[in-house]
Amino acid sequence: MINTRDLGGLPLRDGRRTAFDALIRCGSGTSAIPPVARVLAARHGRVRLVDLRGDGEVVDEPDHQGILVRRLTMSDPVHRGRGGATRDAAYFVAHYRRLLPRAFEVAGEVMSILADDPSPVVVTCRLGKDRTGLVVMVVLRVLGVAPRWIVRDFALTARFFTAAGEWVDQYASTRGEPPVAVLRRLVLPPSVPVRTLAEIDRLAADAVARHALLGIDEQVARRAALRLTLPGGAP
């Protein structure tokens, strides 16, 4: 499974923790259905898959048995494709900021699904790094997870790809790039999520702004929060 993890167990500011088997993030490569969605569908009977990939990124036909797919494509309105930009930390901070309006919209859709459906929700893109990572940042921050824990989750992506040398080699080969160049893009410094979270906090400075960006009301936000948290600070 590419860059896959359950987002349960993260501490919230009120002493509770995020629930397990509620929100899962992963990469899918070009597979229409990531393996974790199949595992969860077998366990729970039903899974909601939020796919952030665009046309041309999925090569096989999806199997919808127990898996309800929602395609919510995200793309940078300025930079598309590989281009010639140097993808350093400054590039990714600017890239994420351009994606944030759409990330808020998608996060609102994810929260709406969670508010109305007890099934696990899997958020995916090709690598589970940028688009998925940004939507997850918004959801977790809106939920009340402290920045240091969100940064820690962001760093797990770098740990995954650093340890998956064979996978990185194969991915680099398909792109015609040296593995070190690919790995440089996959392993980003903490300044990237820290600066991105500061922008999220600036945009969603109060409940009115936050709900407007998410496109949901207070009731939906509360139901989603109940679905995403364990009661009473349970470990």
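The structure is a predicted model, in which local features need pLDDT of at least 70 and side-chain atom pairs count only at pLDDT 80 or more, while totals for chains, interfaces and linings use all residues. Residues are numbered from 1 along each chain as its sequence is written, and side-chain values use heavy atoms, with hydrogens and water left out.

## The sheet

Helices (H or I, at least four residues) and strands (E, at least two) are taken as DSSP runs and numbered from the N terminus, and two strands are said to pair if DSSP finds at least two bridges between them. On these terms there is an open sheet of five strands in the order β1-β3-β6-β4-β5, with mixed pairing. Its edge strands are β1 (2-6) and β5, each of which pairs on one side only. Neighbouring strands of this sheet are turned by 20° against each other on average, with direction ignored; the axes behind such angles are lines fitted to C-alpha atoms, for helices over the stretch in contact, and the angles run from 0 to 180 degrees between N-to-C directions.

Helix α4 packs on the sheet, where it touches β1 and β3 (23-27), and its direction makes about 140° with that of β1. Contact here means heavy atoms within 4.5 Å.

Strand β4 (residues 47-51) runs parallel to strand β5 (residues 67-71), to which it is joined by five bridges, and V47 stands opposite I67 in β5. Strand β4 also runs parallel to strand β6 (residues 121-125), to which it is joined by four bridges. Strand β6 in turn pairs with β3 in the parallel sense over five bridges. The table gives bridge partners that lie in β6.

| Residue | Partner in β6 |
|---|---|
| R48 | V121 |
| D51 | T124 |
| G27 | C125 |

Burial is judged by relative accessible area, with buried meaning under 20%, exposed over 50% and partly exposed in between (1.4 Å probe, protein chains only). In a regular strand the side chains alternate between the two faces of the sheet. Strand β4 is mostly covered, with five of its five residues buried: V47, L49 and D51 lie on one side, R48 and V50 on the other, and both faces are covered. Strand β6 is likewise mostly covered, five of its five residues being buried, with V121, V123 and C125 on one side and V122 and T124 on the other.

## Helices α2 and α3

Two packed helices are described by the angle between their axes and the distance between the axes. The axes of α2 and helix α3 (residues 131-143) come within 8 Å and cross at roughly 60°. The two helices, α2 and α3, are therefore oblique to each other, given that angles under 35 degrees count as roughly parallel, over 145 as roughly antiparallel, 65 to 115 as roughly perpendicular and the rest as oblique. The crossing of α2 past α3 is right-handed, a crossing being left-handed if the near helix is turned anticlockwise from the far one by less than a right angle, and right-handed if clockwise. Residues of α2 including Y96, L99, L100 and A103 meet L134, V135, V138, V139 and V142 in α3.

## Aromatic rings

Rings of Phe, Tyr and Trp (its six-membered ring) pair if their centres lie within 6.5 Å, and planes under 30 degrees apart count as stacked, over 60 as edge-to-face and the rest as tilted. The structure holds six aromatic pairs. One of them is the edge-to-face pair of Y96 and F154, with 6.4 Å from centre to centre and 75° between the planes. This pair links distant parts of the chain, since Y96 lies in helix α2 (residues 89-116) and F154 in helix α4 (residues 147-163), 58 residues apart. Y96 counts as buried because its relative accessibility is 0%, and F154 counts as buried at 9%.

Ring pairs link Y91, F92, Y96 and F154 into a cluster. Y91 lies in helix α2 and is buried, with a relative accessible area of 10%. The C-alpha atoms of Y91 and V192 are separated by 9.3 Å, although these residues are 101 residues apart along the chain.

## L213 in helix α8

L213 is found in helix α8 (residues 207-214) and counts as partly exposed at 26% relative accessibility. Leaving aside its neighbours within four places in sequence, L213 is in contact with F104, E105, L203 and A204. L213 and A107 are 106 residues apart in sequence, and 9.3 Å apart in space from C-alpha to C-alpha.
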